[in-house]
Amino acid sequence: MSADVRQVADGTYLVHGGNTNWVILTDGDAVTLVDTGYPGDRRALLDSLAAVGSSPEAVAAVLITHAHNDHLGSAQYLRATHGTPVLLHEAEVPHARRDFLQQVSVGTVLRNVWRPGVLPWMVHVLRTGGTEQHPVTTPAPFPADGALDLPGRPVPVHTPGHTDGHCVYHLPDAGVVISGDALVSGHAISRTEGPQLLPDLFHHDRTRAIGSLDVIAGLEGDVLLPGHGPVHRGPVRDAAELARERAF
Ligand SMILES: [Zn+2]
Ligand SMILES: [Zn+2]
């Protein structure tokens, strides 16, 4: 699977892997990588860095929205191979180490296999290593509050619910919100297009996930880069409010 790399703003690229997205923020040839796809997306991940004129050695840090396998897939690979720091919200650090797992179980997925799209999605997940565990041995919390001193100067914003330590990353100057799985614009097993919460079975705490949409609605921006689905353009506030309406 080759990478589908799309420039969405100055120095900002949304990459579509098989069923999940990651984001590359560039500053010269140095980059910040936000999420890393499934373990099986590694070739596409490395290709995407080359496509923006960078390389794995030039990744200043990997930021993780949350420690699910479809976002954490190559974090430990980059950590172990290139010494890349892997940063997450402090509540997500033990999740990245796999001290516990807040991810939908295979049993729950199997009970939902009659739903449209679930079976092909499950086959894809298995093919891309979605049930393999690749814990990060030394994940780190953000060093301080506010903008991180990294390419793109992303600001982590805690949006718990999908997992306890889920964060979105706000780029205030570019008007971009990287929303991970707190707010998506589509999913292989959803028949809805546009801003929405992921299907219920994927959330650790759905009520909290709905509450976090209010946090996202408070972020200035007009480009939404979700963990699943295409780029969504238009006020981020409206996108979050639409997802909230659809959640009830
Ligand atoms: Zn997730
Ligand atoms: Zn995801």
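**Figure 1. A salt bridge between two helices, D214 with R244****.** A residue is called partly exposed when its relative accessible area falls between the buried limit of under 20% and the exposed limit of over 50%. D214, with a relative accessible area of 43%, is therefore partly exposed. Please keep in mind that everything shown here comes from a predicted model. The side chain of D214 meets that of R244 in a salt bridge, 2.8 Å from N to O. D214 sits in helix α7 and R244 in helix α8 (residues 236-246), so this pair ties together parts of the chain that are 30 residues apart in sequence. R244 has 27% relative accessibility and also counts as partly exposed.

**Figure 2. The site of the zinc ion (ligand 1)****.** Four residues coordinate this ion at 2.1 to 2.3 Å: H66 through NE2, H68 through ND1, H162 through NE2 and D181 through OD. Along the sequence, the donor residues follow the spacing H-x1-H-x93-H-x18-D. The angles among the four donor atoms run from 91 to 170 degrees, and the site is irregular. For comparison, the ideal angle for four tetrahedral donors is 109.5 degrees.

**Figure 3. D181 between two zinc ions****.** The zinc ion (ligand 1) and the zinc ion (ligand 2) are 3.5 Å apart, and D181 coordinates both.

**Figure 4. N69 and its neighbours****.** N69 belongs to helix α2 (residues 69-72). With a relative accessible area of 4%, N69 is buried. Leaving aside residues up to four places away in sequence, N69 touches G37, Y38, P39, R98, Q103, G130, T131, E132 and Q133.

Figure 5. The structure holds eight salt bridges. R97 is partly exposed, at a relative accessible area of 37%. R153 is partly exposed at 46%, whereas D149, at 71% relative accessibility, counts as exposed.

**Figure 6. A nonpolar patch on the surface****.** V113, L119 and V123 make up this patch, and together they have about 200 Å² of accessible area. V113 lies in the loop between α5 (106-111) and α6 (118-127). At 30% relative accessibility, V113 counts as partly exposed.

Notes: Residues numbered from 1 in each chain as written. Chains lettered and ligands numbered in written order. Predicted model: local features only at pLDDT ≥ 70, side-chain atom pairs only at ≥ 80, totals over all residues. Heavy atoms only, no water. Patch = residues over 30% accessible without salt bridge, like charges linked within 9 Å, V, L, I, M, F, W, Y side chains within 5 Å. Areas by Shrake-Rupley, 256 points an atom, 1.4 Å probe, with all protein chains shown as cover. Salt bridge = Lys/Arg side-chain N within 4 Å of Asp/Glu carboxyl O. Helix = DSSP H or I, 4+ residues; strand = E, 2+ residues; numbered from the N terminus. Buried < 20%, exposed > 50% of the residue type's maximum accessible area, 1.4 Å probe, protein only. Contact = heavy atoms within 4.5 Å. Donors = N, O, S within 2.8 Å, 3.2 Å for Na, K, Ca; no water. Tetrahedral: all angles 85-135°; square planar, octahedral: opposite > 155°, others 65-115°.
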